[in-house]
Amino acid sequence: MSGRQMEDNREDDGSTIRRQGGDEDDDPEINAPLLKRTPTLSSIPYAVVGAKVSHIESLDYEINENDLFKQDWRSRSKQQVLQYVFLKWLLAFLVGLLTGLTATLINLAIENIAGYKILLALDFIEQERYIAGLMFMVGVNFALTLGAAFLCVWFAPTAAGPGIPEIKAYLNGVDTPDMFGANALIVKIIGSIGAVSAGLDLGKEGPLVHIGACYASLLGQGGTDNYRIRWRWLRYFNNDRDRRDLITCGSSAGVCAAFRSPVGGVLFALEEVATWWRSALLWRSFFCTAVVVVILRTFMEYCKFGNCGLFGEGGLIIFDVSGVSVHYHAVDIIPIAAIGVVGGVLGSLYNHLLHKVLKVYNIINEKGKLHKLLLSLSVSIFTSICLYGLPFLAECRPCDSGTTTDAVCPTTGRAGNFKKFNCPEGYYNDLASLLLSTNDDAVRNIFSINTPMEFGYFSLTIFFLLYYILGLITFGIAVPSGLFLPIILMGSAYGRLLGILMGPYTKMDQGLCAVLGAASLMAGSMRMTISLCAIFLELTNNLLLLPIMMLAVVVAKTVGDCFNPSIYDIILELKGLPFLDAHPEPWMRNITVGELADAKPVVVSLHRVEKVRCIVQALKDTTHNGFPVVDTEVARGSPARALHGVVLRKHLILALKKKWFLQEKRPTEEWEVKEKFSWIDLAERGGKIEEVTVTNDEMEMYVDLHPLTNTTPHTVLESISVAKALVQFREVGLRHMLVLPKYQAPGVPPVVGILTRQDLRAHNILSAFPELDKHTGRKMGR
C-alpha cells in the first residue's frame, strides 16, 4: 500500500496525492501558486434529511465494470434480458398502482375527517355557542397535529417536510439515509392525513411525491430490511442506478396523484427533480402516471354516488371550465403580465422570508424532540384560532349580490361558495366560505367563474395575508407538509384581488385571474415553467388558457430569478445537502482540478494483490469510499507504476467478510472468483469495517483486488478546468473522478488524486481558495 500518511478526520469520499516533482533550484516566487489557499479542502459530511441530521455519502450511479460485471453481462441469456426489461415495466406498474391507491386513501380520509370537523364546528356557530365551537375546533386540530408530529418526531424524522428537496438530491447522486424506508412511508401517509385534516396551511401534494418515491425504492430493493420482507426475484434492481430510475417514476406518479395530471407529473420529474434522463425512462414514467390517473378516475366515478362519505365530486383540485367560453384579447397582455410581475415579486419575497424562518426553526429544533413537538402544536393552535375567529370580522353579504351561478345561497353544508356562518337568512359570509373549508374546497371556491361579486376586497386581502403568514410559519414544523397547495391558495387570492382591481381595464373573469395568480406565484417561488403549464392545463381542462398561462409563468419566473434561487434550491442549501448545480460558477474556469488535488491530503492507494493487513488499515484509518488500485508493470523495458482502476470500500469489506484470502501473492483464476462472489453480492450495500473480524494469521494473507476493481473509471487530466470537470461529474452521475498527471515520466505517480462531490462544491473550493471569491469580478472581466 502506498501513501501511508492518512488523516483520521477525513470526511469526504476520496483523497489525493500531493505531487512532489519540480526543480529545487527554481525561484520560489516564480513557482508560487497564483491562488492562496488553506491547507485542505473542507467538507461537512452531514446534512438535514427531513428533520433528522444524517451522515451523507454519494451514490454509485456509474456502472462498475469489474470482472464480475463483465462475466455476468456475457453470461446473460436472451430470456434473462427480456425478464429484466419486463420487470422494469412491472415495477413501474406497481409503483403507479400503489401510489394511486394511497392517494385515494389520503383524499378519502382528509375529506371525511376535515369535512365532519367543519360541519360540527358550523353547528356550534348556528347554535350561537361560539366559545364551544372554538374549543372544539382548537381541540380537534390540536389532537390531529399532535398525532402527526409525534409520529414524525419519535418514529420517522425523515417523514417531516415535503421530501422533494431530498428526492432531488438523491437523483443528483446524494444518498439520503432512511428517506425511502418503510417507517418514512407509513408515517408520511398517516402524518399527511393528520396534518392536512388539522387545517394547517400545507398540502398533501409534496408528501405524495415522497410516497411515490418510497414505493419505488422499496420495490426496487425487494422490500425492506427493517421488517425482513424480501422478494429475491426483484433483486435484479438492488443497485443505485436502477433504483434511481424507479424513484424518478415514483416522483412522477406522486405529482400525477396530487393533481390528476399524468403529463404534468412526467414533466415535473424531468424539469424539477431529475438530474439524469433518457427516452426509455420517459416512456416508463408516462406509463406509471397513466396507471395512477386510471386508478384515481375509477374511484372518483365510484364516489360520485355518495359511496365515500363526504368525498364526492371534490377531493381533488380541479377547475373545470371546459363548458365555459374563456375570452381574452390582445389588450389583456398587460394585465396578465402585471399578474406575472406581482407573482414573481411575491414568490421571491416568500422564498426570502421562508429562508429566515427556517433558520430560526433549525435553532429551535436543535434543542430536542420536545421543542419540535411544542413548535408544531403552537402553530396548530394559532392556525385554528385564526381560521375560526377571522370570519367574524367580515360583513355578511346578501345572496343576490350579482352572482350568476345556480349554487344554493346561503350554504349550510360543508362545501359551497356561500357559507351562512353567523349571518341571517339570505346572507352569507364570504371569508368563512374560504377559511372554513377543506383546502381543496377553498381552491374550488376561489377559482369559481362568473362570480364577480362573490368575494369582497376585505375578505380576499385577509385571506391572502393570513395564508401568506401561515405558509411561512407552518412549513418547517415536524409534520409532513407540501408547498404546492399553500402557494396555490395565496396566488389565487391575490390573482382574484387583482382581477377586481383591474376590472375596468379588462374583461377577464376573476376566476381566470385567480388561476393565473396561482400559476404565477408558483413560478415565482418554485421556478417551474413547462411542468407548471402542463399541470394547470390538465387541471383547467381548457387549451385556450395555455397562451396566457405561459405568459404569466414566464414573466413570474424571470422576475423571481432576479432576486433569489427557487425555494427548493434554498432548502437544499439550508439542509446542507451537497447538490451539484447544472451551471458551474464562472470563476471555476480559472482553477484546474490539479490545483484542487494539491489542496487535499495524501491519496491512499492499494496494489492489485494487496496484503490483508494493509486493506484493514486503510479501511480503519480513513472513511474513503474509493481507493485507486496501482501496480508496477514493465513498459518499454523499464518498470513503471500503472493505474488498474478503482475499488470501492464496500467491495473491500465484502472480500474481508467472505474471507477471500490467498496464502501467497498471486492473481486468482476466474473459477475462484465465481465460487465466492456473484453480481448480486456486489450490488448490496456495504457494511462497516467494525463488523469484520480478522485473525492475526489472516492479516498476513493476500487479496486479489483485480476482479473487484472497476477497470474503466472516469478520468481527467490535471490541466482541465473545474467547470468542465463539474459538468462531466454531474452529467455522468459519478462518485469518484480520478485526476491523472499531464506528463508521464519515471517517478510520477499514475494518479494525481481523486475528486468527489464535496470537492467540486463552490463553497468548499472557496474555503480552500479564498482569493477566488475576492477577485471573481476581476477574473470574470478578463
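This is a predicted model: local features need pLDDT of at least 70, side-chain atom pairs count only at pLDDT 80 or more; totals for chains, interfaces and linings use all residues.
Good morning. The patch is formed by Val81, Val85, Trp89, Phe93, Val263, Trp283, Phe286 and Phe287. Together, these residues have about 700 Å² of accessible area. Helix H3, spanning 78-126, and helix H10, spanning 279-303, each supply at least two residues of the patch. Phenylalanine 93, one of the patch residues, lies in helix H3.

I turn now to a pair of packed helices. Such a pair is described by the angle between the two axes and the distance between them. Here, helix H11, residues 333-365, packs against helix H15, residues 457-474, at an angle of about 40 degrees. Their axes are 8 Å apart. The two helices are therefore oblique to each other. Which residues meet in this contact? From H11 come Leu346, Leu349, Tyr350, Leu353, Leu354, Val357 and Tyr361, and on the H15 side they meet Phe464, Tyr468, Gly471, Leu472 and Ile473. By class, the contact has eleven nonpolar residues, one polar residue and no charged residues.

Finally, the charged pairs. Side chains of opposite charge can pair when their charged atoms come close. The structure holds 23 salt bridges. One of them joins the side chains of arginine 761 and glutamate 573, at 3.7 Å from N to O. This pair links distant parts of the chain, 188 residues apart. Arginine 761 sits in the loop between strand E16 (753-755) and helix H28 (762-768), whereas glutamate 573 belongs to helix H20, residues 567-575. Thank you.

Technical notes: Residues are numbered from 1 along each chain as its sequence is written. Side-chain values use heavy atoms; hydrogens and water are left out. Axes are lines fitted to C-alpha atoms, for helices over the stretch in contact, and angles run from 0 to 180 degrees between N-to-C directions. Helices (H or I, at least four residues) and strands (E, at least two) are DSSP runs, numbered from the N terminus. Angles under 35 degrees count as roughly parallel, over 145 as roughly antiparallel, 65 to 115 as roughly perpendicular and the rest as oblique. Contact means heavy atoms within 4.5 Å. Ala, Val, Leu, Ile, Met, Phe, Trp, Tyr, Cys and Pro count as nonpolar, Asp, Glu, Lys and Arg as charged, and the others, Gly among them, as polar. Patches are made of residues with over 30% relative accessible area and no salt bridge: like charges are joined within 9 Å, nonpolar side chains (Val, Leu, Ile, Met, Phe, Trp, Tyr) within 5 Å. Accessible areas come from the Shrake-Rupley method with a 1.4 Å probe; for residues, only the protein chains shown count as cover. A salt bridge is a side-chain nitrogen of Lys or Arg within 4 Å of a carboxyl oxygen of Asp or Glu.
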